[in-house]
Amino acid sequence: MSKTAIIYGSTTGNTENAANQLAGLLEADIIDVSTKPEEALTKYENLIFGTSTWGAGDLQDDWEDFISNVESADLSGKVVAIFGLGDSSSNPDTFVGGMGSIYEVVKDKGCKIVGSVETESYDFDESTAVLDGKFIGLALDEENQGDLSDERITRWVEQISKDLH
Ligand SMILES: Cc1cc2nc3c(=O)[nH]c(=O)nc-3n(C[C@H](O)[C@H](O)[C@H](O)COP(=O)(O)O)c2cc1C
């Protein structure tokens, strides 16, 4: 078993693809959040949460059904990183809001949150996933900047690898 789990929610497959790429590079176990993987929240030392954004800045549906488990889990001592998929052109005011929703839940839970990313190469207006001028995790935009995803993923893996247990 890897020390790292990638737990993702994906409706049309974009977040799943990114999760698969990340899992390959990080040698992490990959888990679909629709399986309600409660035990993974205690079992793994590093947790990487991935979600797309639906509605207007909302969590992906399977994540909506599971997020209360994260809320009640003991994450102290764990390292957490978040990635989010969104469409900055159709949703410039709620870009990758799902990632912001996960951050809101984990931010005061005693885990170390790693993997913040500069916003300058993205084109959007507002995002709840931005804190102090940076995304709190990795934002990916398959609709408008899909050609940048591989490089963003590779760079993020290099960045967070140093911080993982
Ligand atoms: C109805 C609908 C609503 C969406 N709302 C948002 C949104 O508020 N913010 C955003 O960044 N992306 C939004 N998106 C874009 C999706 O998050 C994006 O297509 C993502 O890549 C889907 O990933 P998935 O296939 O893993 O679910 C929306 C897409 C649809 C079809």
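**Before you start**

Residues are numbered from 1 along each chain as its sequence is written. The model is predicted, so local features need pLDDT of at least 70, side-chain atom pairs count only at pLDDT 80 or more, and totals for chains, interfaces and linings use all residues, while side-chain values use heavy atoms, with hydrogens and water left out.

**Stop 1: the ligand and its neighbours**

**Stop 2**

Which atoms pair up with the ligand here? Look for N or O atoms within 3.5 Å of each other. Start at Ser-52, where a polar side-chain atom is 2.7 Å from a ligand oxygen. Next, select Val-96: one of its backbone N or O atoms lies 2.9 Å from an oxygen atom of the ligand. Then go to Asp-87, whose polar backbone atom is 3.1 Å from a ligand nitrogen. On its own the ligand has 650 Å² of accessible area, and the protein covers 82% of this; the areas come from the Shrake-Rupley method with a 1.4 Å probe.

**Stop 2: the largest pocket**

Now hide the ligand and look at the space. A pocket is found on a 1 Å grid over the protein atoms alone, as an open set of points where a 1.4 Å probe fits, with protein on both sides within 12 Å along at least five of seven lines; lining residues have an atom within 4 Å of a point. The ligand sits in the largest pocket, meaning that more than half of its atoms lie within 2 Å of the pocket's grid points. This pocket holds about 280 Å³ of space. Of its 20 lining residues, Thr-53, Trp-54, Gly-86, Asp-87 and Glu-143 lie nearest the centre.

**Stop 3**

Finally, select Val-117, Tyr-122, Leu-138 and Arg-155, which are among the residues lining the second largest pocket. About 200 Å³ of space lies there. Helix H6 (149-161) gives the most to this lining, with 5 residues. By class, the lining has 5 nonpolar, 2 polar and 4 charged residues.

Note on methods
A polar contact is a pair of N or O atoms within 3.5 Å; within protein, one must be able to donate a hydrogen and the other to accept it, and residues adjacent in sequence count only if both atoms are side-chain atoms. Grid points are joined across faces, edges and corners, and a volume is the space filled by probe spheres set on the points. Helices (H or I, at least four residues) and strands (E, at least two) are DSSP runs, numbered from the N terminus. Ala, Val, Leu, Ile, Met, Phe, Trp, Tyr, Cys and Pro count as nonpolar, Asp, Glu, Lys and Arg as charged, and the others, Gly among them, as polar.
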